[in-house]
Amino acid sequence: MASRVAVTVNGAAKTADVEPRLLLVHLLREVLGLTGTHIGCDTSNCGACTVLLDGRPVKSCTMFAVQADGREVMTVEGLAKDGQLHPIQEGFHEKHGLQCGFCTPGMMMTATALLQRNPNPTEDEIRWGISGNLCRCTGYVNIVEAVKYAAEKLRSTPAGAGGRS
Amino acid sequence: MASVAHGMGHSVKRKEDARFIRGQGHYIDDIKLPGMLYLDIVRSPYAHAKIKAIHAEKALAIPGVLAVVTGKDLEKYGLAWMPTLMSDKQMVLPIDTVLYQSQEVAAVLATERYLAADGVAAVEVEYEPLPVVVDPKKALQPNAPVLRQDREQKNNHIWHWEVGDKAKTEKAFREAEVKVSQDIYIPRIHVASIETCGCIAQWNPVESHLTLYMTTQAPHAIRTVVALVAGHLGLAEHKIRVISPDIGGGFGGKVPVYPGYVVAVAASVLTGAPVKWIEDRMENIQADSFARDYHITAEVAAKKDGTVTALRAKTIADHGAFDAAANPSKFPAGLFSICTGSYDFKSAFAEVDGVYTNKPPGGIAYRCSFRVTEASYMIERMADILAHDLGMDPAEFRMKNFIRPEAFPYTSPLGWTYDSGNYQAALKKAMERIGYAALRKEQAEKRKRGELMGIGISSFTEIVGAGPSHTFDILGLKMFDSAEIRVHPTGKVVARFGTKSQGQGHETTYAQIIAHELGIPEDDIAVEEGDTDTAPYGLGTYASRSTPVAGAAGAMAARKIRDKARKIAAHLLEASESDLEWERGKFFVKGSPNRAKTIQEIAFAAYTNHPQGLEAGLEAVSYYDPPNLTFPFGSYICVVDLDKGTGVVKVRRFVAVDDCGNIINPMIVEGQIHGGLTMGLAPALYEEITYDDDGNIRGGSFMDYLLPTAMETPRWELDKTVTPSPHHPLGAKGVGESATVGAPAAIANAVVDALWHLGVRHIDIPITPWKVWKALRDRGVTE
């Protein structure tokens, strides 16, 4: 009783025959081999599995793969283009926004969506925006700084360049 | 741009980030081996029950489910029980009785992850519930059900431990002008690193070789434990390779051996296939090692002028069903004896009784060096209670009682020799930074208006870097640590350590230590950890021991290399060794700075032109046995505002002044403190695991075990003082856990400070809105 699912992942068309109960996160990790998206809980609280679905952040442990049929998924592996880091990746490195790295991909995806909605967020807006993602290492201070760094960099980059020239 | 050697004291950006920000970390669940099977675990719904029968038929009927493993199966191989680090034993899978909810009952092996879960759902277990004991005080009563029927001793008492001069302390209390006493409960919590635990066991039957990929903070110790526990099955230490891949947070939760690991190894040996076991979050919180659960009665004796004289503490420690705390072997209560803290007590006596209950085992896994948070929280709460009782300002009280800077090295009444400290300087700095006097004024004004604002101080002393071999061992393994440095002919370095980073940034900081000592750029140094086939033997990363012990080993190994490099340089420069001077990165002839050889030139010569009589190559190993522990310290000041209507505590400001001795990487140290503070905030206000009378866990998932998000976490304000450790080769002390240890008392003290004038002496953590609201309502302040 496999179902055919067709998704665009990081710009590339992918198809797979999957069980209807297969979670999106397992499609990404186990079927497509994109292990940058992590699993940190089973109750949709931690956000480690966050990916963008048609540009909006979703917790991929809380969706079936078949629900993503015909849609576009972006994962951490899709942030950098042509070897050039996305500003949010730069921000996390420059501002020491990560320690163990496990929450980092989900946190960066959430932050990327936040900055698309709100290119110039206040600190409170950043904190609210990432409050669906748990980090156990950093105390969030430097994650907030990383998001601010990315916001500034994205604003100073010509529109449409997506932060990468 | 040419690479440079930054060395100590520089905020070098992390080398490990490159893979993590690209989603290319290599965590346990990212590893997939050909033919790999999946293990999932059936867990008990009861806290205490007889297992009458386990019916596997329906599970085995599912295509892809290969086996259902029970305790009786493991018993045939002598694996139904395993030893703990604390001279106790623990069930791997039960033969006939379960002792806590979510305990492992059976394991299902299948070809796919989802099929293993299907198998778990299809296994039917018949239980006969037994009386449950969740309260350790009730567990000690004579009529309590005896939980551990396997023991000869027929009660629930595990051990009694005591330290200090009891007679002298009792005399001091008899003669005391002032005494305070307080019952303090430090609740059970869980580290909940965002990555859960797991492993892949890969047995090669032809070679009798086991590769064990495992989320472990101590891979070498695990290898030895596996050899000792399963030696009778043909597992020998030279044919066991433990690989600890990238770890998504450890905080102590990845030190213990959990039953899932053992069953995975057994399943791989029996099937010849690789077996993966990855726990889910609820399994992680409900069954893995917890922390704390200390019921303390603390007493302080003092003079009327506020000078403390004696400390007495009596504790009941709830260890759950097995004593599986990962303490050093001679320390059943960890380093709780640091409980005299930063104060110059003349006498002290502490005793702890370990008790079994129907709860999961553990005790110390929460970013805390062996019960130091319990000790620090207790003494810092008592300091505030006594100060308030005497009508003294808590800052003035601390200043009066601190160990004087000139008293170091200071020997505490409970036997520790503190290496160095300047507690007055740290508190003074924190008070200036936060504007202490102005805050007290504001508080007084607000109190007149009926507003509730509190200021809390915590001036903690940490004890880390376990530890000296005369005192510290785990299962007899001395708690040294190690570094091996290989300088290749082109001057590039591979360095391997016996520790294992879980986010602390060792690939960067260890490279900085070597860069500091040898002048080789950090970019030219690759740091490796976590593979027992390549790294030298070490006891691992926990209890803030990496910098104090393995970092010291790195410095000592680098100095051995420098000693050999001097001989080679003398040969190349045709000078005597004593005529050479070292300047970071090169030796030169005294008085002739142009006659020099760089470390890279020397490295090349070590392989191409080494002097006769000297071995070729440029490598060194150091096994560092620290002469003492290190004693980081700090002063934290917290300001809270309380909402009278809801009882919500808002942390308005939090200033943390830390002193961890000399700093390797300020950026990483600040990151460690940010994280530690947040793990101090968490138990102070949010996190707690409790059980109902039937032993059902409350707080067993992220739905109701509340990790702080970015919304609850304040913007931490950091500052520092620097008091080097006199005995560490780099003067460093370690910092990973200081903030976790120091922060809870600052927050609790602030809340009680806001309520003291209403007659509130103490509120146990976590200080939830309900507790605050109830305290206010009971005193008629709110409705």
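Visitor: To begin, what percentage of the 783 residues in chain B do buried residues make up?

Guide: This is a predicted model, and in it buried residues make up 59% of the 783 residues in chain B. The chain holds 19 helices and 35 strands. Its radius of gyration is 27 Å, close to the 28 Å that the globule rule gives for 783 residues, so chain B is as compact as a globular protein of that length. Along the principal axes, the C-alpha atoms of chain B fill a box of roughly 85 × 75 × 50 Å. Of the contacts in chain B with a separation of 6 or more, 79% are accounted for by residues 24 or more positions apart.

The domains come next. Chain B is divided into domain 1 (17–23 + 481–624), domain 2 (32–130 + 197–278) and domain 3 (290–403 + 410–466 + 628–778). Between the C-alpha centres of domain 1 of chain B and domain 3 of chain B the distance is 39 Å. Where these two domains meet, 16 residues of domain 1 of chain B are in contact with 19 residues of domain 3 of chain B. On the domain 1 side, the elements that give two or more residues are helix H14 (506–518) and helix H15 (546–573) of chain B. H15(B) supplies the largest share of that side, 7 residues. By residue type, the side of domain 1 of chain B that touches domain 3 of chain B divides into 7 nonpolar, 8 polar and 1 charged.

Two sheets of chain B may now be followed strand by strand. One is an open sheet of 4 strands, in the order E21-E31-E32-E35 (chain B), with mixed pairing. At its edges stand strand E21 (452–461) and strand E35 (717–720) of chain B; each has a single partner strand, so one side of each is left without a neighbour in the sheet. From one strand to the next, the twist averages 15°. E21(B) and strand E31 (residues 633–642) of chain B run antiparallel and are joined by 10 bridges. One of the residues involved is B:Thr461, whose bridge partner in E31(B) is B:Phe633.

Helix H12 (residues 423–434) of chain B touches E21, E31, strand E32 (649–659) and E35 of chain B, and its direction makes about 30° with that of E31(B). Helix H18 (residues 738–755) of chain B lies across E21, E31 and E32 of chain B and runs at about 150° to E21(B).

The other sheet is an open one of 3 strands, ordered E27-E28-E29 (chain B), and its pairing is antiparallel. Strand E27 (580–583) and strand E29 (592–598) of chain B form the edges; because each has a single partner strand, one side of each is left without a neighbour in the sheet. Neighbouring strands here are turned by 35° against each other on average, direction ignored. Strand E28 (residues 586–589) of chain B and E29(B) run antiparallel, joined by 4 bridges. Within this pairing, B:Lys586 has B:Thr598 as its bridge partner in E29(B). Helix H16 (residues 599–608) of chain B packs on the sheet, where it touches E28 and E29 of chain B, and its direction makes about 50° with that of E29(B).

Two peptide bonds also deserve attention. Most peptide bonds are trans. The bond that joins B:Ala466 and B:Gly467, however, is cis, with omega about -20°. Another cis peptide bond joins B:Ile765 and B:Pro766, with omega about -5°. B:Pro766 is found in the loop between H18 and helix H19 (769–778) of chain B; H18(B) is the helix that lies across E21, E31 and E32 of chain B.

Definitions and conventions: Residues are numbered from 1 along each chain as its sequence is written. Chains are lettered from A and ligands numbered from 1 in the order in which they are written. This is a predicted model: local features need pLDDT of at least 70, side-chain atom pairs count only at pLDDT 80 or more; totals for chains, interfaces and linings use all residues. Two strands pair if DSSP finds at least two bridges between them. Axes are lines fitted to C-alpha atoms, for helices over the stretch in contact, and angles run from 0 to 180 degrees between N-to-C directions. Two residues are in contact if their C-beta atoms, placed from the backbone, lie within 7 Å. Domain bounds come from an automatic or database domain assignment. Ala, Val, Leu, Ile, Met, Phe, Trp, Tyr, Cys and Pro count as nonpolar, Asp, Glu, Lys and Arg as charged, and the others, Gly among them, as polar. The radius of gyration is taken over C-alpha atoms; the globule rule is 2.2 Å times the number of residues to the power 0.38. A residue is buried if 20 or more other C-beta atoms lie within 10 Å of its own, exposed if 12 or fewer, and partly exposed in between; C-beta atoms are placed from the backbone.
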